[in-house]
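Hi,

Here is the structure we talked about handing over. Please have a look, then read my notes below.

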Amino acid sequence: MIKRIFYLFFTIIVLFAFVSCSGEENNPSIPGIMDTKTRPTHSYDETTTREAYVIADNDTWKTNYKITYSFLKNAQTSVITEVRLDNKYLIKAEGSDFFNYYTTNTKVASSVDSYMLYPATKKGTRVIIANASMSELESGFMSISKLAPNFASLSNVKLDSVNTVAGRSCKKYVMTQLDTAGKLQKYANIWIDDEFGFAIKSEVCLSDNTIVSGWEVTEFLSGSITTSDIGVKVSDYDVTLSTGAVETTGMPATTQSKAATTKTVTTTATATTAAVTTGTE
């Protein structure tokens, strides 16, 4: 099960690898700003002021929010909703017959309950994740939308315009990638939220302007979420504790570390996103 989750999550991370790269040292094939013959047209010429554009580093939204976003991959679009409130987290995909729900286990110390719940049948399964806490849980959207703090100052990134997405002010950047001959191979349009610094919208495009993947936030609320917005009452479900349900390795599908002592995790909830997006059962 865990291996399957790793695979499903990896399909999402790969599409964003181009957007979230931290600089040329990790992408030696990107020589920097393109020449004027191959560079997309921009409405801003901020060559002398590019260092002034710094991506906000504000994580205060991450413990209390509701977000809905469309997610495009392989010509299929999924609509995902995530709701987070302190020690509760829900993620569901439009059209799916189940959703994922996480909450602190109040009986087993340092553990999290992971549920897969089916509203139509009122059945579900539960896995107890040991050596974990809700504060470690990083949602699917958090993972795909985060950018390096120096993103705006990279030599292959150009400020394009000031925009609004989902009613929120943001800046649109264009990130380019060239082939070994110096011609445009692909590019990404990335809209960065001014207040919180996440990618509120993204389009990864081929040189012919075909959009191959991306996402767009359509609703975002933060700071005002209550238990009623979660709307999950586990006692209404016939829940089965899965065989071998106590995981001892911490939060599942751990992908990287923020620091040597701080785990950054991506939850099994991402399986909801990937399963719908890839058509995986």
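Start at Phe141. Leaving aside residues up to four places away in sequence, Phe141 touches Trp61, Ile67, Tyr69, Glu82, Phe198, Ala199, Trp215 and Val217 (contact means heavy atoms within 4.5 Å).

A note on reading this: the model is predicted, local features need pLDDT of at least 70, side-chain atom pairs count only at pLDDT 80 or more, and totals for chains, interfaces and linings use all residues. Residues are numbered from 1 along each chain as its sequence is written, and side-chain values use heavy atoms, with hydrogens and water left out.

Phe141 belongs to the largest nonpolar core, which has 41 residues. Such a core is a set of buried Ala, Val, Leu, Ile, Met, Phe, Trp, Tyr and Cys residues joined through side-chain atoms within 4.5 Å; buried means under 20% relative accessible area with a 1.4 Å probe, protein chains only. Trp61, Tyr69 and Phe220 are also among the members that touch the most others. Elements giving two or more residues to this core include β1 (64-73), α2 (140-145) and β12 (211-222). Another core lies apart from it, with 11 residues, including Tyr115 and Ile230.

Overall, 48% of the 281 residues in the protein chain are buried.

Now confidence. The protein chain averages a pLDDT of 74 (the predictor's confidence in each residue, from 0 to 100). At least 70 is reached by 67% of the residues. pLDDT stays under 50 over residues 1-48 and over residues 247-281. Where pLDDT is low, the predicted coordinates should not be read in detail.

Best wishes

Terms used. Buried < 20%, exposed > 50% of the residue type's maximum accessible area, 1.4 Å probe, protein only. Helix = DSSP H or I, 4+ residues; strand = E, 2+ residues; numbered from the N terminus.
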